[in-house]
Amino acid sequence: MLNAEAAEPDIQVVERRASARHIAVMLIAKLSCADTQTICRIRNISTMGARIETNMDLKQGAPLALELRSDLKMTGRVMWAKDGNAGIQFDAAIDIARFLMRSESRIDRRKPRPPRYQCTANVVLVTDGSCFSCSMFDIGLSGAGLCDLPPRTKLRSGHVVKLIADGISSHHATVAWADGNRAGIKFRHPLKYTELQEWLLDYALPAEFETPEPARIAPLSGVHYPAH
């Protein structure tokens, strides 16, 4: 997949109201529940809960995990689900300011990366007037990770390639890193949200998600949950 320096978080803040109990946002996140992973939108958020949009069939009480980028992850449970929306109660309070920041500086100067979605798909890579088959092991809005590259490819960082895969439009990309028979590419133009969402239905691998300990599903005192 892409190295951390090559990726930018896919976060767009629609409205910031620091004094409000809930802040209206449009954050793109990875949703993992049971053995399923998909992309979702967070539409409003508070220190202890959020409302999300998703095509995943969520059940009340189900444990889940949300990841906005590699340094922003949280677990929680479904409080309600209706018409492609769901209210989430977090297992622990979050720092709203961190979630509204586009990125954070780190001591090692490596930027946090957007979520990755593990997948398995046969693809064709076109480069330098030739094409060859390989596999894609993960994908995100901004790029993908490739494996099973034949030795003759000799990809290098900066190479311009074209990715062709079933169920998704072809995309020009730049090689971000290459190591043996594996490489990470960055798309010239990010995938569309709906395009990736639909593609993951057929090609995403089961999520690696550790179910939190069972908890009584009841509103916390003083906490207002997003409306249905």
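**Exercise 1.** In this predicted model, find which ring the charged end of R41 sits over.

*Solution.* Next, take K30, which lies over the face of Y117 at 5.7 Å from the ring centre. Both distances are then compared with the cut-off, which is within 6 Å of the ring centre.

**Exercise 2.** List the buried residues of helix α2 and state which strands they pack against.

*Solution.* Helix α2 spans residues 193-203. Its buried residues are Y193, E195, L196, Q197, W199 and L200. Their packing partners are β2, β3 (36-45), β4 (49-53), β8 (117-127), β9 (130-139) and β12 (168-179).

**Exercise 3.** Locate the aromatic pair and classify its geometry and the burial of its two members.

*Solution.* A search of the whole structure gives 1 aromatic pair. W199 and Y203 form this pair, at 4.5 Å centre to centre and with 15 degrees between the planes. Planes under 30 degrees apart count as stacked, and the W199 and Y203 pair is stacked. Both residues belong to helix α2 and are 4 residues apart, about one turn of the helix. For burial, the limit is under 20% relative accessible area. W199 has 2% and is therefore buried. Y203 has 23% relative accessibility and so counts as partly exposed.

Technical notes. Residues are numbered from 1 along each chain as its sequence is written. This is a predicted model: local features need pLDDT of at least 70, side-chain atom pairs count only at pLDDT 80 or more; totals for chains, interfaces and linings use all residues. Side-chain values use heavy atoms; hydrogens and water are left out. Buried means under 20% relative accessible area, exposed over 50%, partly exposed in between (1.4 Å probe, protein chains only). Helices (H or I, at least four residues) and strands (E, at least two) are DSSP runs, numbered from the N terminus. Contact means heavy atoms within 4.5 Å. Rings of Phe, Tyr and Trp (its six-membered ring) pair if their centres lie within 6.5 Å; planes under 30 degrees apart count as stacked, over 60 as edge-to-face and the rest as tilted. A charge sits over a ring if NZ of Lys or CZ of Arg is within 6 Å of the ring centre and within 35 degrees of the ring normal.
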